[in-house]
Amino acid sequence: MKFGILVQEGPYNHQASDSAYNFIQAALEKGHEITGVFFYNDGVINTTKLMDIPADDRHISKRWSDLGAKGIQLIVCVAAAKRRGINPDVLIENARIDGLGQLSELCIESDRLITFGD
Amino acid sequence: MATLEVNGKQHELDEDGFLANMDEWNEDVALALAKTESVEMTEAHWEVVNFLREYYAEYKIAPMIRILTKAIGKKLGKEKGNTKYLYELYPAGPAKQACKIAGLPKPTGCV
Amino acid sequence: MFVNRKAPHGSIYAYEGLEVILIFGAYDQEISAAFLDDAVLSLKKGQDTSEIGTKEFSATFRVLEAYGVENRYVERESLEQRGLTEEDLVMDVEVVDGATLRKYMGEQDVLLPF
């Protein structure tokens, strides 16, 4: 099955980004396809490379970037990003800032859109 | 931060040259903003600017271009309700250029 | 269908949810919007946020029709629980009971919660 993913909450503050990441890992293991991950609301904060995390904890933005390196598109909403100080200078590798129209595309391309939010 | 001087008064602009404080707008400020965009204001230009200001006053947003053309066609006549007409007036994009001259906040850039 | 459940002003969900609806409308998608729980407060007339300094956006909901959001549902129970009626709202909506709304939700291809 083709899954599109929407992440609406910030990292560490909320379980949404962990759940989304774990869901994606499980789905990939089972042979499903991930059409893309769209970051909206505080979810955009998942994609800053300025995160500095102690070694005994998961590094959420690095984890997303590694997923992007595997070819899964990571899309960050431009309007939500601007509001929260996320711009291309601080964006993790393998992610891109784009419009909400991309979320619309994701909805169309995917069999299911799974939302991780509050 | 950049400023725009109009009639001896300084008006703050944001990094994209939009008026930082919407309340400071008046027709002279609009003319000065038009100059920064190299737009010569004619009656047809004002028609669009005034339309945008009225739309914003009522709905608190600037309409997206497709909605704008539809609404303008309805209000100002069919021959004006198309993107070609609006781009002739505002070559760099009616949404951005006309909004700037109208003193509205800059579009968030999602489309 | 956009499923709006949260109150305006206390958090950004209602406002950013509205932004998504407008963009999807501009893309000519077949969309509908539902308002339930505290989200019905987003549609209440006579809001004034000048003293808390946040953006007042209830007027913007009135463009939804022009943006092609023809189906705008409000859950009857949510209105009643908050002492509101259809006349208190800024735009024309279809008031439906919870069971009907759940049925509509079941018929959607995509649900986007905000």
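In this predicted model, chain C holds an open sheet of 5 strands in the order β4-β3-β2-β1-β5 with parallel pairing, where strands are DSSP runs of E with at least two residues, helices are runs of H or I with at least four, both numbered from the N terminus, and two strands pair if DSSP finds at least two bridges between them. Because β4 (94–96) and β5 (112–113) of chain C stand at the edges with a single partner strand each, one side of each has no neighbour in the sheet. Strand β1 (residues 2–4) of chain C is joined to β5(C) by 2 bridges and runs parallel with it, and C:Val3 stands opposite C:Pro113 in β5(C).

Helix α1 (residues 13–26) of chain C packs on this sheet, touching β1, β2 (32–35) and β5 of chain C, at about 160° to the direction of β1(C); axes are lines fitted to C-alpha atoms, for helices over the stretch in contact, and angles run from 0 to 180 degrees between N-to-C directions. Helix α3 (residues 98–106) of chain C lies across β2, β3 (71–75) and β4 of chain C, at about 140° to β3(C).

Chain C also meets chain A, with 11 residues of chain A in contact with 12 residues of chain C, contact meaning C-beta atoms, placed from the backbone, within 7 Å. On the side of chain A that touches chain C, α4(A) gives the largest share, 3 residues.

Residues are numbered from 1 along each chain as its sequence is written, and chains are lettered from A and ligands numbered from 1 in the order in which they are written. Local features need pLDDT of at least 70 and side-chain atom pairs count only at pLDDT 80 or more, while totals for chains, interfaces and linings use all residues.

Methods
Two residues are in contact if their C-beta atoms, placed from the backbone, lie within 7 Å.
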